[in-house]
Amino acid sequence: MIALPMAQIKAGRLKIIDPENQSYIVEGIKKGPEAAIRITDKKLLRRLLVVPDLYLGEGYMDGSIVVEEGTLYDVLDFCAINLMPLPGEGGPVVSAPVQKLNVIGQAQTNVAHHYDLNRKLFELFLDTDLQYSCAYFANDRDSLEQAQANKRRRLAAKLLLKPGMRVLDIGCGFGGLALEMAREHGVEVVGVTLSEEQWRAGQERAKAAGLEKQVTFKLCDYREETETYDRIVSVGMFEHVGSRHYDEFFSKIRDLLVDDGIALLHSIGRMAQPGSALVWINRYIFPGGYTPALSETVAAVERAGLWITDVEILRLHYAYTLREWHNRFQRNRNQAQELYDERFCRMWEFYLQISEVAFRRLNWMVFQIQLTKSVDAAPITRSYLNE
């Protein structure tokens, strides 16, 4: 057994067993996550030195990396603590990566890769309302269902909905938020999505709830919308826009919003300057995706001539959400394997676990930005959130 002297290792202990059954120990001074992995492919050893955040995921998917002690989460947690630089710790400034253009047409292809997977898969790990975005945990006793209900109510409160208003939901998911806004606040909602699976689900749910005259779901790009709205909301869609299209996105928000209207953007973001994305996530989970820095988002809002009337940062809420998703996925793993296969299940495990680690250890967070066209369109205090 060989101990590797690696100065950058801060905490924890990772045992690596190579294809020749030789063991290596990588250990920090402080206590931290402990795990052991076996690597069965010699080529993978070399690849891990070149692009670790890609080949670690690929190796786990293919079974070339086997977790022998601890859990996959422990392995990823060790890597995040020791091998991924945190903001403010020095190192070169990373420029924004070359991204696929999310032009009309290509954007739908990118969305279909993930969101047009079998709806039964999402039913295996999401809450009963199929909310596929960060929940809001008011306390540690909240169930996933309660936390997602908290999130929907908080979004509605920030939109200051009134009966008869027309609301545009950009990237409407499976329709849960649109249906609740219509049912609880008496508004008319148009939800737009590029996912055929989500579009079908939204239509079915609206009909089942008797809200098909109040809620309309469209299979189209938000850039193709031409009507104006009193309120606009977008939850978990901005991550798929791409920084090259930020000006286009906020200009469209401005054009679709009435003069005294309110828009609300809910998105994953990074607590750091603009940088690169996780390569494995972009290749296997969200092609064309990009996690925006708040700074580049705000700059695009300013260029569009919109007021930022409120900003809220949700830090660990998505980590708690992902933990719940992963636990539910594990309980229903056999059903997921029947839908797809073992490699897919290992890919999904890696996706949920690396995402949770990113929110706990790296610089990921969620921001909610309230936007208006006029300075007096929103209240001047936040007291309405408690009413």
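# Close-up views of a predicted model

View 1. At 11% relative accessibility, Leu130 counts as buried. The model shown here and in every view is predicted. Leu130 sits in the loop that links α5 (119–125) to α6 (144–159). Its phi is positive, about 60 degrees, although Leu130 is not a glycine. Most residues other than glycine have a negative phi.

**View 2. Leu160 also has a positive phi.** The value for Leu160 is about 50 degrees, and this residue is not a glycine. Leu160 belongs to the loop between α6 and β6. Its relative accessible area is 21%, so Leu160 is partly exposed; the cut-off for buried is under 20%.

**View 3. Arg152 is a buried arginine in helix α6.** Arg152 is placed in α6. Its relative accessibility is 10%, so Arg152 counts as buried. Which residues does Arg152 touch, not counting those up to four places away in sequence? They are Asp127, Asp129, Gln131, Gly176, Leu177 and Glu180.

**View 4. Seven strands form an open, mixed sheet.** The strand order is β8-β7-β6-β9-β10-β12-β11. Edge positions go to β8 (215–219) and β11 (307–314). Each of these two has a single partner strand, so one side of each lacks a neighbour in the sheet. From one strand to the next, the twist averages 15 degrees. Helix α7 (residues 176–185) packs on this sheet. Helix α7 touches β6 (166–170), β7 (188–193), β8 and β9 (229–235). The direction of α7 makes about 155 degrees with that of β8.

**View 5. Two strand pairs show both senses of pairing.** Strands of a sheet pair through backbone hydrogen bonds, either parallel or antiparallel. β11 and β12 (residues 364–372) are antiparallel, paired over seven bridges. Within this pair, Ile313 has Phe367 of β12 as its bridge partner. β6 and β7 run parallel and are joined by five bridges. Here Arg166 is bridged to Glu188 of β7. Is β6 enclosed or open? Four of the five residues of β6 are buried, so β6 is largely enclosed by the rest of the structure.

**View 6. Helices α12 and α14 pack against each other.** Two packed helices are described by the angle between their axes and the distance between the axes. For α12 (residues 317–331) and α14 (residues 342–361), the angle is about 160 degrees and the axes are 8 Å apart. That angle makes α12 roughly antiparallel to α14. The crossing of α12 past α14 is left-handed. On the α12 side, the contact is made by Tyr318, Ala319, Tyr320, Leu322, Arg323, Trp325, His326, Phe329 and Gln330. The α14 side supplies Cys345, Trp348, Glu349, Leu352, Gln353, Ser355, Glu356, Phe359 and Arg360. By class, the contact has 10 nonpolar, four polar and four charged residues.

**View 7. Tyr318 is a buried residue of helix α12.** Tyr318 lies in α12. With a relative accessible area of 9%, Tyr318 is buried. Tyr318 and Glu356 are 38 residues apart in sequence. In space, their C-alpha atoms are 7.3 Å apart. Which residues are in contact with Tyr318, leaving aside its neighbours within four places in sequence? The set is Tyr132, Ser133, Cys134, Ile268, Trp325, Phe359 and Val366.

**View 8. Helices α9 and α11 cross at an oblique angle.** The axes of α9 (residues 246–256) and α11 (residues 294–304) come within 9 Å. They cross at roughly 50 degrees, and α9 and α11 are therefore oblique to each other. This crossing is right-handed. From α9, the contact uses Tyr246, Asp247, Phe250, Ser251 and Arg254. From α11 come Glu296, Thr297, Ala300, Val301, Arg303 and Ala304. The class breakdown is five nonpolar, two polar and four charged residues.

**View 9. Helix α3 is mostly covered.** In α3 (residues 72–82), 10 of the 11 residues are buried. These are Leu72, Tyr73, Val75, Leu76, Asp77, Phe78, Cys79, Ala80, Ile81 and Asn82. What do the buried residues of α3 pack against? Their partners are β2 (11–17), β3 (23–27), β4 (30–39), α2 (52–62), β5 (65–69) and α14.

Definitions and conventions: Residues are numbered from 1 along each chain as its sequence is written. This is a predicted model: local features need pLDDT of at least 70, side-chain atom pairs count only at pLDDT 80 or more; totals for chains, interfaces and linings use all residues. Side-chain values use heavy atoms; hydrogens and water are left out. Axes are lines fitted to C-alpha atoms, for helices over the stretch in contact, and angles run from 0 to 180 degrees between N-to-C directions. Angles under 35 degrees count as roughly parallel, over 145 as roughly antiparallel, 65 to 115 as roughly perpendicular and the rest as oblique. A crossing is left-handed if the near helix is turned anticlockwise from the far one by less than a right angle, and right-handed if clockwise. Contact means heavy atoms within 4.5 Å. Ala, Val, Leu, Ile, Met, Phe, Trp, Tyr, Cys and Pro count as nonpolar, Asp, Glu, Lys and Arg as charged, and the others, Gly among them, as polar. Two strands pair if DSSP finds at least two bridges between them. Buried means under 20% relative accessible area, exposed over 50%, partly exposed in between (1.4 Å probe, protein chains only).
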